[in-house]
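I opened my notebook to look up a few packing details. Here is what I went through, entry by entry.

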Amino acid sequence: MYDFTYHRPATIDEAARLMAAASDGKYMSGGMTLIPTLKQRLAQPSDVIDLGGLNNSGIELAGSTLVIRAGTIHEDVSLSATVKQAIPALAHLAGLIGDPHVRHRGTIGGSVANNDPAADYPAACLGLGATIRTNRREIAADDFFVGLFETALEDGEIITEIAFPVPRRAGYVKFRNPASRYAMVGVFVADTGSGVRVAVTGAGPCVFRVPEMEQALTSGFTPQAVEAIRVSPDGLNSDIHASAEYRAHLVTVMAKRAVEQASR
Amino acid sequence: MSETGIGKRVLRREDQRFITGKGKYTDDINLPRQTYAYFLRSPYAHARIRSIDTSAALAAPGVVAVLTGEDLAADNIGGLICGWMIHSKDGQPMKAGPHPALAQGKVRYVGDHVAVVIAETLNQAKAAAELVNVDYEPLEAVIDTASARSSSAPPVHDEAPDNTVFQWSLGDAEAVAQAFSRAHHITRLELVNNRLIPNAMEPRAAIGDYDAGTETFTLYTTSQNPHVARLVLSAFVGIAPEHKLRVIAPDVGGGFGSKIFIYAEETVCVWAAKRVGRPVKWTGDRSEAFLADAHGRDHVTTAELAMDENGRFLGLKVHTIANLGAYLSTFSSCVPTYLYATLLSGQYALPAIYAEVDAVYTNTAPVDAYRGAGRPEATYVVERMVETAARDLNMDPAEIRRRNFITTFPHQTPVIMTYDAGNYHASLERALELADYRNFGARRTESERRGKLRGIGLSTYIEACGIAPSAAIGSLGAGVGLWESAEVRVNPTGNVEVLTGSHAHGQGHETTFAQLVSERLGIPIDQVSIVHGDTDKVQFGMGTYGSRSGAVGMSAIFRALDKIEAKARKVAAHVMEAAEGDIEFRDGNFTVKGTDRKMAFGEVALAAYVAHKFPTSEIEPGLKESAFYDPTNFTFPAGCHVCEVEIDPQTGTTEIVKWVAVDDFGNVINPMIVEGQVHGGIAQGVGQALTEGCRYDPETGQLLTGSYMDYCMPRADDLPSFELDFTVTPAPSNPLGIKGCGEAGAIAAPAAVINAITDALGVRDIPMPATPEVVWRIARDRAPRLAAE
């Protein structure tokens with residue numbers, strides 16, 4: 001680990017001020033990605049600004065919108081009675097993230113801001129059509145996830161909470177990378193009441209939607225509706241664990257199973 | 001009989017300290033004024049070093065020294081050695097290139113040791129290492145095992161221009177040719193035994209210390225055999241004479257073979273301690289373990305099995321290319337030769353065997369013994385061949401085994417080994433019964449109804465353990481004898497210290513060895529302590545590997561206990577004023593036959609030290625005996641594992657739904673510990689078959705599986721609950737009848753898994769690891785054929 005200056009601000013404004021003053025600052029929420037990166041000497045920030053001091057965690061159901069504050073750990077989302085009742089697929093997804101250690105430290109805001117191509121939460125955000133709220137504005141999930149580890153967040157911008165519209169039904173199934181247990185392919189399917197959304201994580205450089213599946217499921221929300229729909233392997237990830245062709249195949253299988261899960 | 005004696009499920013005494021964080025591992029040791037070493041490693045698989053400029057690093061904050069291979073040479077420090085000489089078919093000795101602890105002129109794999117930076121803190125050492133300026137001339141690298149010998153491959157060592165360490169053979173080529181000419185059928189397979197990275201829980205670590213007053217060195221290190229480390233570092237590397245070098249291997253968190261070897265890092269730490277005049281500490285991180293621990297397996301094999309019209313085996317012909325990596329590690333040469341080809345007879349009466357092994361250098365990490373060491377590779381060849389032969393002949397795989405099992409003992413195989421005891425039918429039949437083999441068809445049908453593919457696979461393995469007898473292995477080229485030593489010290493108050501040359505790094509010796517003493521002396525287990533791992537405390541010993549600590553290490557203790565008992569009888573006879581022949585010893589008490597005179601073991605111990613009641617001109621005072629035990633043969637654990645899998649053809653996921661293991665380990669000291677060893681071994685074997693596989697970039701030689709993000713270790717939820725049972729034919733070659741159990745699971749498992757998967761998929765072979773994508777592709781390509789059937 002290289003040396004850096006550590007800060008633990010108590011307010012969002014102070015955090016933003018510290019970031020503006022740092023030459024190469026980095027926000028840290030749960031630190032589940034940043035700390036291993038620092039330990040491997042793969043990052044050399046001048047300042048680490050720990051958002052844990054904001055104590056910004058909590059889950060609230062406001063009408064038909066589930067609001068999860070950015071500092072909420074995965075474990076709390078997975079066990080929350082409110083989440084289980086409103087969007088059980090989201091609680092299920094949170095329980096599949098990493099391992100118990102990660103689920104007790106990692107936060108939803110940190111995960112969404114990091115936008116790891118194999119992370120689970122981006123699939124939920126995009127699949128449910130969530131709104132990402134920051135200290136400056138609100139961003140629709142459709143506009144938020146821009147590319148590989150890239151989001152619409154501007155320099156210094158901090159996610160404060162994420163608002164999920166409660167769907168009629170939803171499902172999330174992932175095929176884990178056997179080694180890392182990240183999603184090799186994860187598919188989130190949501191029947192929102194005004195159409196179906198299908199979001200895929202792990203398969204490509206960034207979470208993406210599958211319009212053909214969405215149309216087919218809007219016409220009829222059954223597993224059979226998607227089983228013949230193939231996504232193109234072009235542009236999908238290919239590595240020692242899975243070729244693009246295999247990932248493309250798994251998108252269909254996982255989508256079908258996610259619909260089965262949502263229909264249960 | 002003692003409550004904590006042989007055969008009892010005594011809880012592991014060492015676990016209290018291990019699971020409460022009170023173990024003392026090398027990294028837990030901190031010496032006053034210690035410095036920290038960081039190794040600068042080669043980023044290239046193969047490169048010439050034009051120059052190394054250390055001046056900027058030396059000027060960095062906190063840096064104490066920056067040392068390179070030139071400094072080693074200046075101090076006349078020799079290279080690391082390979083301790084087993086193999087001769088090629090043509091009589092030539094193996095071609096061993098130099099193996100300096102820090103590179104001299106060339107680097108030969110990614111992770112090779114270029115320089116060491118020693119600083120006040122580890123962070124300072126790491127920072128300074130970035131300032132060492134190495135001018136490399138990158139060379140073309142050879143990575144692939146099968147093509148290492150091709151004429152276009154660049155030579156890793158000048159000593160072996162065709163990258164061939166040796167071309168070795170075993171068996172009778174002529175007899176095999178004759179057998180093949182008579183064959184009704186020949187089964188042929190090309191098999192790859194995938195390369196593995198050991199991954200002990202505790203990474204390697206070392207602390208070197210030098211006492212200028214007494215001119216003695218101390219090395220704390222993560223070793224499975226501290227005396228062998230001291231011998232090599234003294235006699236070959238030239239650190240210090242043996243009596244001026246103390247090696248301590250404290251608690252060690254797993255080895256699986258990878259901590260047998262003498263490595264560059266520990267060599268450099270102990271050498272540098274004198275140069276810098278302060279202790280030098282190195283703790284490897286997980287990335288370094290992936291890069292530079294000796295890897296395992298990595299064979300490319302062609303095998304042919306000839307049989308008659310009744311499925312009786314006539315002959316086996318095997319050709320193997322074994323990748324030994326960039327340097328010959330300590331025991332690397334014996335693994336693909338005498339620990340491999342000598343087991344190619346399996347459990348079968350095979351009249352003729354001929355094996356050729358070409359060992360090659362590549363620009364990859366050294367390859368050496370890893371749990372099973374040669375024997376998993378042999379079992380994989382034999383058991384894949386036998387299962388495939390049965391399918392070729394449309395015969396039940398259990399039946400073809402029954403027809404070919406060895407049934408009389410001793411049995412001389414065509415490949416050196418003399419099996420002395422076993423009952424292969426018994427373990428097979430018991431395993432088939434537990435696995436409900438008869439009703440497999442119904443289960444397969446039920447799986448098919450759910451869209452799944454079900455398969456079953458057998459592995460009737462054999463291994464040679466207890467390695468073992470010194471004269472025999474000496475005649476095969478070993479540079480050492482492989483006996484074991486023990487000293488039993490009975491204290492005046494009657495409790496006992498056992499100093500053993502074995503070394504525990506997860507096996508539970510502190511429990512099992514104490515159970516033997518408890519049984520023999522009739523004293524509770526808490527009256528016994530087991531001392532190991534320190535060359536200043538313990539007499540020379542050979543260490544732990546090859547499932548030898550029970551069969552050889554405990555036999556040495558057994559012999560020392562014989563001497564203790566004999567002497568205690570003499571003392572008791574004098575004290576109780578009886579003839580020695582009238583003394584009986586049972587349940588911890590010495591009695592005089594036909595009288596009520598009686599002394600407890602502790603009373604006799606005290607009498608031995610007080611020495612008032614016997615003539616010390618005839619009987620020396622004290623009660624301390626030692627033994628060096630050399631067995632008369634290897635031991636031959638064997639058994640039958642049955643694996644049943646269910647495959648999801650949609651995703652290619654293989655689920656192991658049932659595992660039955662019936663093993664014959666001879667007599668068992670602690671069934672609970674033995675079961676634990678079997679569980680762990682199976683897990684490692686399943687890892688090899690389903691998830692693990694070391695991958696280098698075939699062009700650049702960069703390690704692609706350098707972390708747990710990419711190298712897939714098996715996890716608990718990859719495994720079923722194992723169903724274990726045991727058959728017992730005691731080993732005749734040691735007084736305890738023990739065969740050894742540490743490696744069996746890892747030896748048996750890969751073939752069982754792959755036999756089950758190929759059965760489910762209806763294919764001849766599938767490469768390991770059988771990852772979901774590989775399985776999915778086969779299932780997909782097979783689906784139209786199934787539909788047509």
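Which residues in α9(B) meet which residues in α18(B)? I found Arg375(B), Pro376(B), Thr379(B), Tyr380(B), Glu383(B), Arg384(B) and Glu387(B) on the α9(B) side. Their partners in α18(B) are Ala746(B), Ile747(B), Ala748(B), Pro750(B), Ala751(B), Ile754(B) and Asn755(B) (contact: C-beta atoms, placed from the backbone, within 7 Å). By class, I noted 8 nonpolar, 2 polar and 4 charged residues in this contact (nonpolar: Ala, Val, Leu, Ile, Met, Phe, Trp, Tyr, Cys and Pro; charged: Asp, Glu, Lys and Arg; polar: the others, Gly among them).

A note on the source: this is a predicted model, with local features needing pLDDT of at least 70 and side-chain atom pairs pLDDT 80 or more, while totals for chains, interfaces and linings use all residues. Residues are numbered from 1 along each chain as its sequence is written, and chains are lettered from A and ligands numbered from 1 in the order in which they are written.

Next I looked at the geometry. Helices α9 (residues 375-392) and α18 (residues 744-761) of chain B pack at about 30°, axes 8 Å apart. That makes α9(B) roughly parallel to α18(B) (angles under 35 degrees).

Then I turned to α11 (residues 424-434) of chain B. Its buried residues are Tyr424(B), Ser427(B), Leu428(B) and Ala431(B) (buried: 20 or more other C-beta atoms within 10 Å of its own).

Notes:
Axes fitted to C-alpha atoms, helices over the stretch in contact; angles between N-to-C directions. Helix = DSSP H or I, 4+ residues; strand = E, 2+ residues; numbered from the N terminus. Parallel < 35°, antiparallel > 145°, perpendicular 65-115°, else oblique. Contact = placed C-beta atoms within 7 Å. Buried ≥ 20, exposed ≤ 12 C-beta atoms within 10 Å, placed from the backbone.
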